[in-house]
4 protein chains.
Amino acid sequence: MSFFQHEHPYRVCYADTDQMGYMYYGNYARLYEIGRVEALRSIGFPYKKLEESGIMMPVYEMKTRYLKPARYDEVITIRTSIRQAPAARIVFHFELVNEGGILLNTGEVTLVFVNIQTNRPVLAPAELLAKLQSSFTVNE
Amino acid sequence: MSFFQHEHPYRVCYADTDQMGYMYYGNYARLYEIGRVEALRSIGFPYKKLEESGIMMPVYEMKTRYLKPARYDEVITIRTSIRQAPAARIVFHFELVNEGGILLNTGEVTLVFVNIQTNRPVLAPAELLAKLQSSFTVNE
Amino acid sequence: MSFFQHEHPYRVCYADTDQMGYMYYGNYARLYEIGRVEALRSIGFPYKKLEESGIMMPVYEMKTRYLKPARYDEVITIRTSIRQAPAARIVFHFELVNEGGILLNTGEVTLVFVNIQTNRPVLAPAELLAKLQSSFTVNE
Amino acid sequence: MSFFQHEHPYRVCYADTDQMGYMYYGNYARLYEIGRVEALRSIGFPYKKLEESGIMMPVYEMKTRYLKPARYDEVITIRTSIRQAPAARIVFHFELVNEGGILLNTGEVTLVFVNIQTNRPVLAPAELLAKLQSSFTVNE
């Protein structure tokens, strides 16, 4: 299986917690957002430039599984991977791991490419495909 | 199929939007939370009382599909349903519908019952089962 | 002193709380937003229409004092008042009161009127002034 | 004037923005939280340890002035300073500056020290005072 993987740290703050003492279940989406944006930036494809070029990427689907709670002040590693070349859609996979190496959460977010002017779906930009292709690694 | 269903209105505010002009994809979790808490309140089972009785309900899984954007100032109807009697887990289904009757989003959230003292999973409280049972309607 | 006053209920949800068990201090801004938007709606001046007419109201200043914690599931009354006719700026005053009538929080938010096209400050629309004037009550 | 100052970077994400295309005015409180927690960490006084020692620091007051909008994907420098030795209260001052060196926002947050067991106010811990004192610099 070939795939692209990227890691980014995130420290859980008070704003993220709820009265259960854990990160609120709705706030993981923020970590996924940071994970995928930093993953794209790492291959020279900042999302902001994509929007400036007239394409936006609204989220179509999110699935998330809360295995263990993320707690206040922990530094979480957001492990982002892309396992398939994007076409009309791009799927990001996420694993959130705490400082002790414990897997806390897994997620999967599917986004689509939309032309901002026409508001219609388009294919993944060729430049993104090229940059991902050269980053993909073959593990046999 | 028998199930319990409840509806609750929610007005999208500026805090919910992002620069795409839509409700941010991470904020739907708040609507699901409000939907299920109000659904339980409507059958005389406020979540706050459950916590006070020593049981909390952390979220185990969430799946959500963004069909159409929810926009600023729209009043969204949060349609919450329970399709199966809960045991170790309870699954809530959500449909978010705008003022024009358009289905914007579907979601599914699975929660577990946990004893706050022991931090171990427990079965759904008998009182909740009884209240749901009497609310379940048979549609044949 | 003459002023306009409006009240709107808000139920504190889990998303609003933090691990201290209170509403997170950053989330009061959401209540102020809801308070002022509903106050304007009550006099027939929905903020969304203002934006559609080409004027937006960015926030210039916020001051807030946290007197007592707002707790999960409490219904807070957001009491919004305008104490002076707006010109280049409009100042909203807020009092948040819980179900027991206890004052939890006071706030003051100053917004400016900005032309969306030119991005320059403008005066309060005449229509807003007229609607506020007819709502102002004289208490002598 | 003697004071302690610390800087921490923060990248504005989509979750922070609203449909005006700026960071939502309620989200600055998160940056202030991160700023003060990292400032205390930098002098060897992590807030989490303070809570574990039985003292929490609820916010008493916040004042904030929005001078220019913070925009998506900008890296904001959170400049946190303490200008007076804390006693019953501690006051943090904030300046948010963008990559171009433009001052976007100023803030002031006052917190109190509270004993978690008794829920009563206490004085700033001696250890915090000592650590701040040794960090304070005299500029004459």
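From the N terminus on, the elements of chain A follow the order β-α-α-β-β-β-β-β-β-α-β. That makes three helices and eight strands in chain A. Helices (H or I, at least four residues) and strands (E, at least two) are DSSP runs, numbered from the N terminus. The model is predicted: local features need pLDDT of at least 70, side-chain atom pairs count only at pLDDT 80 or more, and totals for chains, interfaces and linings use all residues. Residues are numbered from 1 along each chain as its sequence is written, while chains are lettered from A and ligands numbered from 1 in the order in which they are written.

The radius of gyration of chain A, taken over C-alpha atoms, is 16 Å. Along the principal axes, the C-alpha atoms of chain A fill a box of roughly 45 × 40 × 20 Å. Of the 140 residues in chain A, 37% are buried. A residue is buried if 20 or more other C-beta atoms lie within 10 Å of its own, exposed if 12 or fewer, and partly exposed in between, with C-beta atoms placed from the backbone. Contacts (C-beta atoms, placed from the backbone, within 7 Å) were also sorted by separation. Among contacts in chain A with a separation of 6 or more, 71% join residues 24 or more positions apart.

Chains A and B come next. Their contact takes 16 residues from chain B and 16 residues from chain A. On the side of chain B that touches chain A, helix H1 (28-42) and strand E3 (59-66) of chain B give two or more residues each. E3(B) gives the most, with eight residues. By class, this side of chain B has nine nonpolar, three polar and four charged residues. Ala, Val, Leu, Ile, Met, Phe, Trp, Tyr, Cys and Pro count as nonpolar, Asp, Glu, Lys and Arg as charged, and the others, Gly among them, as polar.

Strand E3 (residues 59-66) of chain A runs antiparallel to E3(B), and five bridges join them. Strands pair if DSSP finds at least two bridges between them. A:Met62 has B:Thr64 in E3(B) as its bridge partner.

Superposition is by least squares on the C-alpha atoms of residues with pLDDT of at least 70 in both copies. Of the interface residues of chain B, 100% are also interface residues in chain A, so the copies meet through the same surface.

Chains C and D follow. Their contact takes 16 residues from chain C and 16 residues from chain D. E3(C) supplies the largest share of the side of chain C that touches chain D, eight residues. E3(C) and strand E3 (residues 59-66) of chain D run antiparallel, joined by five bridges. In E3(D), D:Arg65 is the bridge partner of C:Glu61. Chain C superposes on chain D by a rotation of 180 degrees with 0.0 Å of shift along its axis (RMSD 0.0 Å). The C-alpha of C:Lys63 is the nearest to the axis in chain C, at 2.2 Å.

Methods: Two residues are in contact if their C-beta atoms, placed from the backbone, lie within 7 Å. The radius of gyration is taken over C-alpha atoms; the globule rule is 2.2 Å times the number of residues to the power 0.38.
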